[in-house]
Amino acid sequence: MTEDGPTADDTDGHSEVFGPIDASALREIRDLFLDHEPLVETASLDDPLNPQTLSIELADGIGEAATARFDVRWSLSDNYAFHYRDALGRDLRFDCHPKPDAPARHFHLPPNAPSRPVEPSCITVIEVSLVARAVVRLWRDAYERGSLDGINDAENPP
């Protein structure tokens, strides 16, 4: 990742351009999580002047996980990544960005959110607030079920 230029994920040799971060989108997502999810303990930007990541700490996790967090990135070209990680070491990610041999909107499966394979994301909306609401709803539904199973199975959330 570069500070001002495009960011990329090439952890497995495939360059995937993400784009410069949209600070106003991160602030909108922060405010939406604070307004709509009562288990949010903190939601903070890594750098108030030039943020690259929004970190959202949750007071509880899904199932047996005692805590959890989301790390969120959103680019000026509307690429995004909502990366969930909990105290049990489980990861998943709702992403939207160009990715070779995968749909632009894709889901990295738990428990370790590998780069490949991915499956199409159930999130089909594209506006910042609607995508954030969809992630909050999917997380809340999984939290109430106590399981990550089916977290990507909703139809057109939110």
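**Salt bridges, sheet and helix**

Start with the charged side chains: this predicted model holds nine salt bridges.

**Stop 1**

Switch to cartoon view and find the open sheet of seven strands, ordered 1-2-3-4-5-6-7 with antiparallel pairing. Now colour strand 1 (40-45) and strand 7 (119-120): these stand at the edges, and each has a single partner strand, so one side of each is left without a neighbour in the sheet. As a reminder, strands of a sheet pair through backbone hydrogen bonds, either parallel or antiparallel.

**Stop 1: strands 3 and 4**

Next, select residues 68-74 and 80-86. These are strand 3 and strand 4, running antiparallel and joined by seven bridges. Show the side chains of Arg69 and Arg85: Arg69 stands opposite Arg85 in strand 4.

What packs on the sheet here? Select residues 128-145 and you have it: helix 2, which touches strand 2 (54-58), strand 3, strand 4 and strand 5 (91-96).

**Stop 2**

Are the two partners buried or exposed? Asp91 has 9% relative accessibility, so it counts as buried. Arg85, at 40% relative accessibility, counts as partly exposed.

Now pick Asp86 and Arg90. These form a salt bridge too, with the closest N and O atoms 2.6 Å apart. Asp86 is buried, with a relative accessible area of 6%. Arg90 has a relative accessible area of 18% and is buried; the cut-off for buried is under 20%.

**Stop 3: along helix 2**

Go back to helix 2 and select Arg140 and Glu144. Both lie in this helix, four residues apart, which is about one turn of the helix. The side chains of Glu144 and Arg140 meet in a salt bridge (3.8 Å, N to O).

Salt bridges that share partners join Glu37, Arg140 and Glu144 into one network.

How values were computed:
Residues are numbered from 1 along each chain as its sequence is written. This is a predicted model: local features need pLDDT of at least 70, side-chain atom pairs count only at pLDDT 80 or more; totals for chains, interfaces and linings use all residues. Side-chain values use heavy atoms; hydrogens and water are left out. Two strands pair if DSSP finds at least two bridges between them. Helices (H or I, at least four residues) and strands (E, at least two) are DSSP runs, numbered from the N terminus. Contact means heavy atoms within 4.5 Å. Axes are lines fitted to C-alpha atoms, for helices over the stretch in contact, and angles run from 0 to 180 degrees between N-to-C directions. A salt bridge is a side-chain nitrogen of Lys or Arg within 4 Å of a carboxyl oxygen of Asp or Glu. Buried means under 20% relative accessible area, exposed over 50%, partly exposed in between (1.4 Å probe, protein chains only).
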